[in-house]
Amino acid sequence: MGNKGVLKQQIQTNVRTIISVVAMVVLAAFVAASVQVQHAHAATANTLKVSPVRSDIELKPGESKTIKMVVTNLTGAQIDVKPLANDFVSGDERGTPALILDADKYAGSHSLKRFMAPLANFSIPAKKTQVVEVTFNAPRDAKPGGYFGAVRFAPTTPDSGGQVNLSASVASIVLATVPGNVTQNLTLTNFDLQQDGANKTYFTTPDNIQASFRFHNDGDVHLSPFGKVSVKNGSKVVYEADFNQKVPREMVLPDSNRRWDVPLKNIGTFGKYEVHATFTYGTKNQTIEQTRSFWVIPQLYIILALVALVIVLILIGLLIWFIVRKSKNRKPGTSTGRGR
């Protein structure tokens, strides 16, 4: 019985060892496969590069204008490329464009795709670049205002009949303005003071405080508000920040909203602060100015203030009780006036 027990124990140990080895081999194979998939995806996603990523042009009615775009092949093999024209609209309030990918569809009133001349397919040798001339033709009856679109460059697969690899495409955005009598009207719809995404007027700590600005463009052309945001504690300016000053400036598209967040720094642990924002936009340098104030009050101060308030209320209650009791205990007929 003893020998049988030892043999059984050895068999169980060997089985567990084999299972562990098999599990480790399977895990290693899975990790290796995952790494290969990631490398393959990265290689697919990073096949092309385009510059510039954005172009701003003015197109007079009846005028043609050509933009040079440089497309770079990042791989070690030749790539066949198909240019694609797309309109886009505002995708969200953070400036992300939503491309209209359907080849037969256009943006409503701000379509730049209608102005773009057709482009032929081309090939780029390994590690080389190709200059592509993109021409835009404004009709003679083009209405004044803003027009926007994107030129995408997508690798094609010759073995699959020239199928386009949209996941590896790159895009260059073009913002065009047809000059004339246009409406330029930008409204600051929201000016919020936030901490960790929540709107507040007082904060218990000075950490992660930001000013959030939301603009609405109900004009005919894209507009770029820019300016300064300053923070005062009393009469002292404790912080200043530039707003949308980088070139090219970020835009608010017509009939859309755009939101920016500005972190507020150098805020102390206690006190009242005032945030002053000044923005300029449009060809006539129209301005928007607004001010918001907030308090920073540490939680300990709030607790001490509540305790002090409770103590004051208790003292007032005791005083009232003492006065009422004294008046009740006063003997009848007692008078403080003069004698009989």
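In the predicted model, ring pairs link Phe191, Phe213, Phe215, Phe243, Trp260 and Phe279 into a cluster. Rings of Phe, Tyr and Trp (the six-membered ring of Trp) are taken to pair if their centres lie within 6.5 Å; planes under 30 degrees apart count as stacked, over 60 as edge-to-face and the rest as tilted. By this rule the count comes to 14 aromatic pairs. The rings of Phe215 and Phe279 are edge-to-face, because their centres are 5.2 Å apart and their planes stand at 80°. This pair links distant parts of the chain, with Phe215 in strand β14 and Phe279 in strand β18 (residues 271-281), 64 residues apart. Phe215 is buried, at a relative accessible area of 0%, and Phe279 is buried, with a relative accessible area of 0%. Here, buried means under 20% relative accessible area, exposed over 50%, and partly exposed in between (1.4 Å probe, protein chains only).

Residues are numbered from 1 along each chain as its sequence is written, and side-chain values use heavy atoms, with hydrogens and water left out. As the model is predicted, local features need pLDDT of at least 70 and side-chain atom pairs count only at pLDDT 80 or more, whereas totals for chains, interfaces and linings use all residues.

The protein contains 2 helices and 19 strands; helices (H or I, at least four residues) and strands (E, at least two) are DSSP runs, numbered from the N terminus. Of its 340 residues, 32% count as buried. Among contacts with a separation of 6 or more, 70% involve residues 24 or more positions apart, a contact being defined by heavy atoms within 4.5 Å.

Strand β14 belongs to an open sheet of 4 strands in the order β12-β11-β14-β17, with antiparallel pairing. β12 (198-199) and β17 (256-263) stand at the edges with a single partner strand each, so one side of each is left without a neighbour in the sheet. Two strands pair if DSSP finds at least two bridges between them; strand β14 (residues 209-217) and β17 run antiparallel and are joined by 8 bridges. Within this pairing, His216 stands opposite Asn257 in β17.

A search of the whole structure finds 7 salt bridges, each defined by a side-chain nitrogen of Lys or Arg within 4 Å of a carboxyl oxygen of Asp or Glu. Arg214 and Glu93 meet in one of these (3.0 Å, N to O). The partners lie 121 residues apart, Arg214 in strand β14 and Glu93 in the loop between β4 (79-90) and β5 (97-99). Arg214 counts as buried at 17% relative accessibility, while Glu93 is partly exposed at 26%. Salt bridges also link Glu93, Asp192, Arg214 and Arg259 in a network. In a further salt bridge, the closest N and O atoms of Arg258 and Glu250 are 2.9 Å apart; Arg258 is buried, with a relative accessible area of 8%, and Glu250 is partly exposed, at 36%.

On the surface, Ile303, Val307, Val310, Ile311, Ile314, Leu315, Leu318, Leu319, Trp321, Phe322 and Ile323 form a nonpolar patch with about 1,100 Å² of accessible area together. Patches are made of residues with over 30% relative accessible area and no salt bridge, like charges being joined within 9 Å and nonpolar side chains (Val, Leu, Ile, Met, Phe, Trp, Tyr) within 5 Å. Accessible areas come from the Shrake-Rupley method with a 1.4 Å probe; for residues, only the protein chains shown count as cover. Ile303 lies in helix α2 (residues 299-329) and is partly exposed, with a relative accessible area of 45%.
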